[in-house]
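This report walks through one protein model, a few residues and elements at a time. Please keep the sequence and the structure in view while reading.

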Amino acid sequence: MQIETQELTTCEVAPDGCAISLGFVDGKGEPATIRLSINQVGALVMTLPGLISKALQTRFGDQSLRYAYPLDSWVLEQSTDPSQGMMTLKTSDGFSVCFSIPRAQQSELGEALVAQPATPVRVRAN
């Protein structure tokens, strides 16, 4: 079954926290809801950024395009695992992603952020 949507209307967490419901208006103008388990939502979240980039690349015929989120703030924290840190990146509209980072990778990231680019960078507007 393929469902065409007109509009996303609601996003809710189930009372027990085990699922998320997405409400929308279907192609016929009727309200509908899809309920996804936390595991399904996690898989979807991991898949969507790649799908958005692939759609842009296909639409504009440019394999270098990516959908970029403007960074507003970031937070570094210590994980309960001493060998891992956590970095949360946030946008001004409330989107955020938290990554766990092994200690060695934290150092590599810091060095990469302060290093001068080896090749000229092509600047693209969002």
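## A strand residue and its neighbour in space

Leu89 has its place in strand β5, which covers residues 84-90; helices (H or I, at least four residues) and strands (E, at least two) are DSSP runs, numbered from the N terminus. Leu89 is partly exposed, with a relative accessible area of 30%, where buried means under 20% relative accessible area, exposed means over 50%, and partly exposed lies in between (1.4 Å probe, protein chains only). Although Leu89 and Trp74 are 15 residues apart in sequence, their C-alpha atoms are 4.5 Å apart in space.

The model is a predicted one, in which local features need pLDDT of at least 70 and side-chain atom pairs count only at pLDDT 80 or more, while totals for chains, interfaces and linings use all residues. Residues are numbered from 1 along each chain as its sequence is written, and side-chain values use heavy atoms, with hydrogens and water left out.

## Two domains

The protein is divided into domain 1, residues 5-60, and domain 2, residues 71-114, with bounds that come from an automatic or database domain assignment. Taken over C-alpha atoms, the centres of domain 1 and domain 2 are separated by 26 Å.

## Distances along the chain and in space

Phe24 belongs to strand β2 (residues 19-26) and is buried, with a relative accessible area of 10%. Phe24 and Thr10 are 14 residues apart in sequence, and from C-alpha to C-alpha they are 6.8 Å apart in space.

Val75 lies in strand β4 (residues 73-78) and is partly exposed, at a relative accessible area of 31%. Val75 and Gln57 are 18 residues apart in sequence and 31 Å apart in space, again from C-alpha to C-alpha. Thr58, a residue of helix α1, is exposed, with a relative accessible area of 56%, and its C-alpha atom is separated by 25 Å from that of Phe95, which is 37 residues away along the chain.

## The two helices

Helix α1 spans residues 38-60 and contains Leu48, which is partly exposed, with a relative accessible area of 38%. Leu48 forms a nonpolar patch on the surface with Leu44 and Leu51, and together the three have about 240 Å² of accessible area. Patches are made of residues with over 30% relative accessible area and no salt bridge, like charges being joined within 9 Å and nonpolar side chains (Val, Leu, Ile, Met, Phe, Trp, Tyr) within 5 Å; a salt bridge is a side-chain nitrogen of Lys or Arg within 4 Å of a carboxyl oxygen of Asp or Glu.

Is helix α2 largely buried or in the open? Of its twelve residues the number buried is zero, so α2 lies largely in the open. At 1.5 Å a residue, helix α2 (residues 103-114) should span 16 Å, and its end C-alpha atoms are 17 Å apart, which agrees; the expected span is 1.5 Å times one less than the number of residues.

## Aromatic rings

Rings of Phe, Tyr and Trp (its six-membered ring) pair if their centres lie within 6.5 Å, and planes under 30 degrees apart count as stacked, over 60 as edge-to-face and the rest as tilted. By this rule the count comes to two aromatic pairs. Tyr67 and Tyr69 form an edge-to-face pair, at 5.2 Å centre to centre and with 70 degrees between the planes.

Tyr67 is partly exposed, with a relative accessible area of 45%, and Tyr69 also counts as partly exposed, at 37%. Ring pairs link Tyr67, Tyr69 and Phe95 into a cluster.

Terms used: Accessible areas come from the Shrake-Rupley method with a 1.4 Å probe; for residues, only the protein chains shown count as cover.
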